[in-house]
Amino acid sequence: MTFNRADFPDDFLFGVATSAYQIEGHAQGGAGTTHWDSFAATPGNVVRAEDGARACDHLNRWEGDLDLIRDAGVDVYRFSASWARVMPEGRGAANPEGLDFYDRLVDGMLARGIKPALTLYHWELPSPLADLGGWRNRDMAGWFADYTETLCARIGDRLWSAAPVNEPWCVAWLSHFYGHHAPGMRDIRAAARAMHHVGLAHGRAIQAMRAQGMGNLGAVCNFEYASPVDGTPEAIKAAELYDGIYNRWFLGAMFKGEYPADVLEGLAPHMPQGWQDDMATIKQPVDWLGLNYYTRKVIGPAAAEADVDGSSPAATPWPHHEERPGPLPKTQMGWEIFPQGLTHFLTFARDNYTGDLPLYVTENGMANPDVIGADDTARIDYLNNHVAAAQDAMAQGVPLKGYFIWSLMDNYEWSLGYEKRFGLVHVDFDSLQRTPKASYHALARALARTPA
């Protein structure tokens, strides 16, 4: 790596991140079914219909995985809990096995000198709640608060930090408008309700954790830089609206108590009645903001569709934009590598929403078709360039306090199954053997507190 600890303030924290469904092995330990189980069981939704039933078997191999985190020299482990493992029906009785697991996991981190950073929800919704409408249902906010109280009553006293929802845009828009993730809907009314109710659940969870005396509570949002395909007014407007839906909607609600006007222009007719009354709850004070950043998208006006008789193009529905191919080098995900976007969002968040509030890069990393024994140069270069982009933001006065890599190890990459490898540690999904990659070893050397 081209950086090391000496390049950062003494209190700057490095970390790695994972999520429950992607690594634990959900068909074990008394967990209830989730909408990801049924989504994956539906033909065409997931590569080879792969699911998280076994994943990386972290449920049984967690001690060795925590040893890998410790030996990498990082300070923080950003992990998530599974709602369906803690409460198999989504509400009501808790699962003792689930609570015991997270209890042991947190104690295991502390025993190794690792700070536990909890995310309460990383996408696996209990099936019984999906049956009741899931994120379309306003009652989700109350059920989520109840889950928060149940889990945090057990482990909240030992957490370094906690955040309610990982990447609200993915929970709501990617899953209810684009339909790429569970529950796989393509419905603007469902998307508008999910976009609001996810924020409301965030606020209710913050309230629940404050009531238990917990501190260091934050929000984790994902960001994509939107570049207009050209300099035409139409392309610029299309990119601005993409930015509004993706980047400004949740920041506006959480930090200003308002939604961006350009997005409301399209979503207002589909919002739940009385949504305005919820904004004070969504805007609960937080102690930090986490930014997940990977890529940029090139955006242009949506191509008009021809009428049935082919005589004239028909207007496309709102939001009237679409992604276009970009010219930059790409990761295994097909995502353009654009480190400048990280600098942009760190300064953008500081200048427009968070002010002096601490910021963390809570996810950053790349998927690469790794081979054991390869030099892993692409991932090392990606991390070097994005850490440098973070340093650029710090040089501009951004109060960045940490940088966390996605991911500790290769895992279940949602609708893309087990093909896309983000890990610092290679996982053989047949034997489940873990093999640290060159990037893992390079990171350990960079973070070593005593030079080797």
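This is a predicted model: local features need pLDDT of at least 70, side-chain atom pairs count only at pLDDT 80 or more; totals for chains, interfaces and linings use all residues.
I started with the largest cavity: 13 residues line it, and Arg 78, Ala 117, Ser 161, Trp 288 and Thr 362 are the ones nearest its centre. Counting cavities of 30 Å³ or more, I got 5 in the structure.

Next I looked at helix H3, residues 58–72. Where is the kink in H3 centred? I found it at Gly 64, with an angle of about 40°. I also listed the buried residues of H3: His 58, Leu 59, Trp 62, Asp 65, Leu 66, Leu 68, Ile 69 and Ala 72. Just after H3 comes Gly 73, and its phi is positive, about 85°.

Last stop was Ser 439, which I placed in helix H15 (residues 438–447). Is Ser 439 buried or exposed? Its relative accessible area is 0%, and buried means under 20%, so I put Ser 439 down as buried. Leaving out residues up to four places away in sequence, Ser 439 touches Met 1, Asp 376, Arg 379, Ile 380 and Leu 424. With one of these, Asp 376, I found a side-chain to side-chain polar contact of 2.4 Å.

Key
Residues are numbered from 1 along each chain as its sequence is written. Side-chain values use heavy atoms; hydrogens and water are left out. Helices (H or I, at least four residues) and strands (E, at least two) are DSSP runs, numbered from the N terminus. Buried means under 20% relative accessible area, exposed over 50%, partly exposed in between (1.4 Å probe, protein chains only). A polar contact is a pair of N or O atoms within 3.5 Å; within protein, one must be able to donate a hydrogen and the other to accept it, and residues adjacent in sequence count only if both atoms are side-chain atoms. Contact means heavy atoms within 4.5 Å. The bend at a residue is the angle between axes fitted to the seven residues ending there and the seven starting there. On a 1 Å grid over the protein atoms alone, a cavity is a set of points where a 1.4 Å probe fits but cannot get out, and a pocket is an open set with protein on both sides within 12 Å along at least five of seven lines; lining residues have an atom within 4 Å of a point. Grid points are joined across faces, edges and corners, and a volume is the space filled by probe spheres set on the points.
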